[in-house]
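Colleague: I'm new to this one, so please walk me through it. I'll ask as we go.

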Amino acid sequence: DILPALTTDDIQQFVQGQMLDIGLDYMTTAARSGDVSCAIYLAKAYDTGLNLGERKASAEEAVKWYTICLDMGAEQPYLIQARLAEIILKGGDGVTRDPNRAGELYTEAAESAMEDMKGKLANKYYMLAEEAWGECEE
């Protein structure tokens, strides 16, 4: 098996560009092909700005990838729904602030958490949903 013996210097002669950018391109390809863990990795990367290489953190891209994760059927969807709600509630960076949608996402997160027997977490999400709806304009 040759792969473990290769170093970054060995690969540079065959691949053009920064290794982190190339790796992220492979992660994107895998996520688009249906790999849930790669989609979660991309969502977190765009959300936090870590491991993006030359790319910049983007709430808009994070929302896109978190939504894709939910559509793919990620495990523990309540964590993704809650983070998505938090981003939408905050708004900015290409994401329209929408307290009503954030409240709906928090409620969905609470219901998912209840299905997973996470009662305290579900109560927290229900409380956050009420706070989000409290920010809605009448």
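**Contacts, helices and a pocket**

Colleague: Which residues does Leu 20 touch, not counting residues up to four places away in sequence?

Modeller: Touching, or contact, means heavy atoms within 4.5 Å. Setting aside residues up to four places away in sequence, Leu 20 touches Asn 51, Leu 52 and Gly 53.

Colleague: What kind of model is this, and where does the numbering start along each chain?

Modeller: It's a predicted model, where local features need pLDDT of at least 70 and side-chain atom pairs count only at pLDDT 80 or more, while totals for chains, interfaces and linings use all residues. Side-chain values use heavy atoms, with hydrogens and water left out, and residues are numbered along each chain, as its sequence is written, from 1.

Colleague: Back to Leu 20: what is its C-alpha to C-alpha distance from Leu 52?

Modeller: Leu 20 lies in helix H2, residues 19-32; helices are DSSP runs (H or I, at least four residues) and strands are too (E, at least two), numbered from the N terminus. Leu 20 and Leu 52 are 32 residues apart in sequence. In space, C-alpha to C-alpha, they are separated by 7.0 Å.

Colleague: Which residues are in contact with Ser 58, leaving aside neighbours within four places in sequence?

Modeller: Ser 58 sits in the loop between helix H3 (36-48) and helix H4 (59-72). Its relative accessibility is 14%, so Ser 58 counts as buried. Leaving aside neighbours within four places in sequence, its contacts are Tyr 46 and Asp 93.

Colleague: What is the phi of Asp 93?

Modeller: Asp 93 is in the loop between H5 and H6. Although Asp 93 is not a glycine, its phi is positive, at about 55 degrees.

Colleague: How far apart are the end C-alpha atoms of H5?

Modeller: Helix H5 covers residues 77-90, which makes 14 residues. The expected span is 1.5 Å times one less than the number of residues. That gives 20 Å, and it agrees because the end C-alpha atoms of H5 are also separated by 20 Å.

Colleague: What do the buried residues of H5 pack against?

Modeller: Those buried residues are Tyr 78, Ile 80, Gln 81, Ala 82, Leu 84, Ala 85, Ile 87, Ile 88 and Leu 89. They pack against H3, H4, helix H6 (99-115) and helix H7 (119-134).

Colleague: And what do the buried residues of H4 pack against?

Modeller: In H4, the buried residues are Ala 59, Ala 62, Val 63, Trp 65, Tyr 66 and Cys 69. Their packing partners are H2, H3 and H5.

Colleague: Which element gives the largest share of the lining of the largest pocket?

Modeller: The lining residues are Ile 40, Lys 44, Tyr 66, Glu 75, Gln 76, Leu 79, Ile 80 and Arg 83. H3 and H5 are the elements that give two or more residues to this lining. The largest share, three residues, comes from H5.

Colleague: Last one: which residues does Gly 103 touch, not counting residues up to four places away in sequence?

Modeller: Gly 103 is in helix H6. At 0% relative accessibility, Gly 103 counts as buried. Not counting residues up to four places away in sequence, Gly 103 touches Ala 129, Ala 132 and Trp 133.

Conventions. Buried means under 20% relative accessible area, exposed over 50%, partly exposed in between (1.4 Å probe, protein chains only). On a 1 Å grid over the protein atoms alone, a cavity is a set of points where a 1.4 Å probe fits but cannot get out, and a pocket is an open set with protein on both sides within 12 Å along at least five of seven lines; lining residues have an atom within 4 Å of a point.
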